[in-house]
Amino acid sequence: MIFSKYIEKIKAFFTKGGENSNPYVKWHHIKQFDIYIIKKFLGTYVFSILLLLAIVVMFDINEKLDAVLTAPWKETVFDYFMNFLPYFANQFSPLFTFIAVIFFTSKLADNSEIIAMLSSGISYKRLMLPYLVSATIIASFSFVLSAYVIPPANIKRINYTNKWVKNKSVEYGSNIQLQVSPGVIAYLSRYDNRTKTGYRFSLEKFDNKTLKSRLIAQSIKYDTLNRWVLQDYSIRNFENLRETISYGTKKDTILNMEPKDFLISKNDQEVLTLPQLKTYIERQKDRGVANIKNFEIEMHKRYAMTAAAFILTIIGLTLSSKKVKGGMGVNIGIGLVLSFTYILFTTITSTFAISGYTSPMVAMWIPNIVYTIIAIYLYRKAAM
């Protein structure tokens with residue numbers, strides 16, 4: 001075992017009393033030790049992702065076989081799979097991190113290399129440092145992908161599934177009401193996104209809860225850039241006790257709203273970058289739109305999943321750093337159980353947020369809080 005021989009050299013260095021006499025040599029050895037752990041960590045992480053993605057591709061092709069055979073191969077490869085694989089890998093990045101730690105640390109422990117490290121004078125706290133550096137690299141990369149890179153790529157992926165697999169986009173809306181600006185309330189009885197046309201439209205302007213004007217149109221059509229065309233409209237203006245009415249057959253107007261503001265599809269939150277997501281949530285809250293829970297969950301999930309990489313790394317190290325009866329298979333089994341438990345826990349708390357039992361932020365951070373407590377307990381137990 002090459003690494004065990006290397007540890008023996010470090011151990012000899014400490015036992016000969018040269019710790020203070022040659023600090024350069026000590027730093028040189030510790031640096032090599034860190035690089036060794038980081039390479040093992042990141043290498044196993046990448047390998048586990050590639051292995052699982054190969055399996056996922058086979059199952060996904062089987063599930064979407066009709067679409068794969070019908071759609072042009074360029075769309076399937078470049079619009080779907082080239083965007084689906086990074087999306088899937090990033091969604092489960094903390095769990096890949098956990099499995100990678102369990103796998104390669106169990107192997108080190110099984111070869112008695114962890115024991116050699118600790119007996120050479122390296123503390124358990126110091127042993128954790130290269131693990132946390134690796135987790136920082138993975139978490140930073142994953143956060144940049146989820147916040148800025150993957151959302152634009154998801155547009156092509158979702159468009160492909162809507163076109164060739166199953167169309168989940170929302171094309172109709174009814175009884176739509178929202179605040180387009182402070183004191184200005186818009187209402188649509190029905191909206192058809194295929195024709196970009198709404199029916200029985202009204203726009204009411206208030207000043208300190210006093211109605212100042214009311215516009216009614218039989219239909220309204222969306223053009224572009226917030227430009228709407230009114231058909232068969234009437235405008236009633238109220239000034240003190242006086243009322244004036246005007247009529248028209250067609251009128252171009254600018255309204256601070258778009259169809260995407262009230263036609264919300266299932267996966268719309270996945271196509272927004274983090275700044276766009278924050279802006280959208282604030283804008284929709286100001287307008288009084290209620291169905292934005294999924295967008296808030298997505299925003300907090302991106303932060304929570306980044307923190308999860310550190311928490312699961314600590315748990316993985318503390319579980320697998322000791323040699324156990326039954327070999328590394330026991331540690332890997334425990335790791336898989338905890339991984340699926342974390343996924344299940346996150347799914348359950350997400351439903352709590354959607355149902356209104358808790359806020360999206362609390363729902364997304366509850367699993368991390370629980371697993372942080374577990375990590376602290378296991379760390380103290382392992383460091384004893």
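A pocket here is an open set of points on a 1 Å grid over the protein atoms alone, with protein on both sides within 12 Å along at least five of seven lines; a cavity is a set of points where a 1.4 Å probe fits but cannot get out, and lining residues have an atom within 4 Å of a point. Grid points are joined across faces, edges and corners, and a volume is the space filled by probe spheres set on the points.

The views show a predicted model, in which local features need pLDDT of at least 70 and side-chain atom pairs count only at pLDDT 80 or more, while totals for chains, interfaces and linings use all residues. Residues are numbered from 1 along each chain as its sequence is written, and side-chain values use heavy atoms, with hydrogens and water left out.

**View 1. The largest pocket.** The volume of the largest pocket is about 1100 Å³. Its lining consists of 36 residues, and Tyr-87, Gln-91, Lys-266, Asn-267 and Glu-270 are those nearest the centre. Two or more lining residues come from each of α2 (23-63), α4, α7, α9 and α10 (328-355). Helices are DSSP runs (H or I, at least four residues), numbered from the N terminus. The most is given by α10, with 7 residues. The lining comprises 16 nonpolar, 10 polar and 10 charged residues. In these classes, Ala, Val, Leu, Ile, Met, Phe, Trp, Tyr, Cys and Pro count as nonpolar, Asp, Glu, Lys and Arg as charged, and the others, Gly among them, as polar.

**View 2. The largest cavity.** The structure has 4 cavities of 30 Å³ or more. The most comes from α7, with 6 residues. By class, 5 of the lining residues are nonpolar, 6 polar and 4 charged.

**View 3. Helix α5 against α7.** The axes of α5 (residues 93-110) and α7 come within 11 Å and cross at roughly 155°. Helix α5 is therefore roughly antiparallel to α7. Axes are lines fitted to C-alpha atoms, for helices over the stretch in contact, and angles run from 0 to 180 degrees between N-to-C directions. Angles over 145 degrees count as roughly antiparallel and those under 35 as roughly parallel. The crossing of α5 with α7 is right-handed, meaning that the near helix is turned clockwise from the far one by less than a right angle. From α5, the contact involves Ser-93, Thr-97, Val-101, Phe-104, Thr-105 and Leu-108, and from α7, Tyr-131, Ile-138 and Ser-142. Contact means heavy atoms within 4.5 Å. The contact residues are 5 nonpolar and 4 polar, with no charged ones.

**View 4. Helix α5 against α9.** The axes of these two helices, α5 and α9, come within 8 Å and cross at roughly 20°. The pair α5 and α9 is therefore roughly parallel, and their crossing is right-handed. Residues of α5 in the contact include Pro-94, Leu-95, Phe-98 and Ile-102, while those of α9 include Met-305, Ala-308, Leu-312 and Ile-315. The contact of α5 with α9 has 13 nonpolar and 6 polar residues and no charged ones.

**View 5. Helix α9 against α11.** The axes of α9 and α11 (residues 360-383) come within 8 Å, crossing at roughly 5°. Helix α9 is therefore roughly parallel to α11. Their contact has 20 nonpolar, 4 polar and 3 charged residues.

Technical notes: Angles under 35 degrees count as roughly parallel, over 145 as roughly antiparallel, 65 to 115 as roughly perpendicular and the rest as oblique.
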